[in-house]
Amino acid sequence: MRVSVVGSSGSGKSTVARRLADILGAPYVELDALHWRPGWVEEEPDVFVDRVREATRGDAWVIDGNYQSKVGTLVWGPAELVVWVNPPRWRVMVQVILRTLRRAARSSGTATARAGAAFGSGIRATR
């Protein structure tokens with residue numbers, strides 16, 4: 001089965017797509033991983049399209065991402081099912097904030113200091 005999972009940033013589409021891929025026994029493809037190079041540098045458009053074309057060649061896959069404006073129908077065309085993840089806005093906001101804090105904590109030892117400066121002195125590092 002070929003499945004496209006879409007939704008707003010922070011909606012949980014990657015989590016849903018990974019779980020669905022496990023259930024179906026299908027490869028999981030994250031379009032963000034194909035689109036962004038290290039340091040959040042955008043991949044060249046032709047290279048990105050080629051990577052998506054390669055990822056959608058198989059008979060089974062689960063792809064998450066919202067890049068229709070860049071890849072046209074390469075994902076939605078062959079998809080047999082499109083799953084739209086659409087949780088309430090409050091949940092998306094909580095998930096985005098938590099994800100951002102987790103990424104910041106992993107990226108450097110000074111992440112807590114940066115978060116404290118951004119969100120106030122109520123943030124403390126604990127171990």
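This is a predicted model: local features need pLDDT of at least 70, side-chain atom pairs count only at pLDDT 80 or more; totals for chains, interfaces and linings use all residues.
Which residues make up the largest nonpolar core?

Residues are numbered from 1 along each chain as its sequence is written, and side-chain values use heavy atoms, with hydrogens and water left out.

**View 1. The largest nonpolar core has 12 residues.** They are Val29, Leu31, Leu34, Phe48, Val49, Val52, Trp61, Ile63, Tyr67, Val71, Val75 and Ala79. A nonpolar core here is a set of buried Ala, Val, Leu, Ile, Met, Phe, Trp, Tyr and Cys residues joined through side-chain atoms within 4.5 Å. Buried means under 20% relative accessible area, exposed over 50%, and partly exposed in between (1.4 Å probe, protein chains only). Two or more residues each come from helix H2 (31-35), helix H3 (45-55) and strand S5 (61-64). H3 is the top contributor, with three residues. Helices (H or I, at least four residues) and strands (E, at least two) are DSSP runs, numbered from the N terminus.

**View 2. Leu31 and its contacts.** Skip the neighbours within four places in sequence, and Leu31 is in contact (heavy atoms within 4.5 Å) with Phe48, Val52, Ile63, Asp64, Gly65, Tyr67 and Val75. Elsewhere, a second, separate core has seven residues, including Val3, Val5, Ala17 and Ala21.

**View 3. Arg51 pairs with Glu43 in a salt bridge.** The criterion is a side-chain nitrogen of Lys or Arg within 4 Å of a carboxyl oxygen of Asp or Glu, and searching the whole structure turns up five such salt bridges. For Arg51 and Glu43, the closest N and O atoms are 3.2 Å apart. Arg51 counts as partly exposed because its relative accessibility is 35%, while Glu43 counts as buried because its value is 8%.

View 4. Asp50 is partly exposed at 46% relative accessible area, and so is Arg53 at 36% relative accessibility.

**View 5. Glu54 and Arg57 meet through their side chains.** This salt bridge has an N to O distance of 2.5 Å. Glu54 is partly exposed, since its relative accessible area is 48%, whereas Arg57 is exposed at 56%. Over in another part of the picture, salt bridges with shared partners link Arg37, Glu43 and Arg51 into one network.
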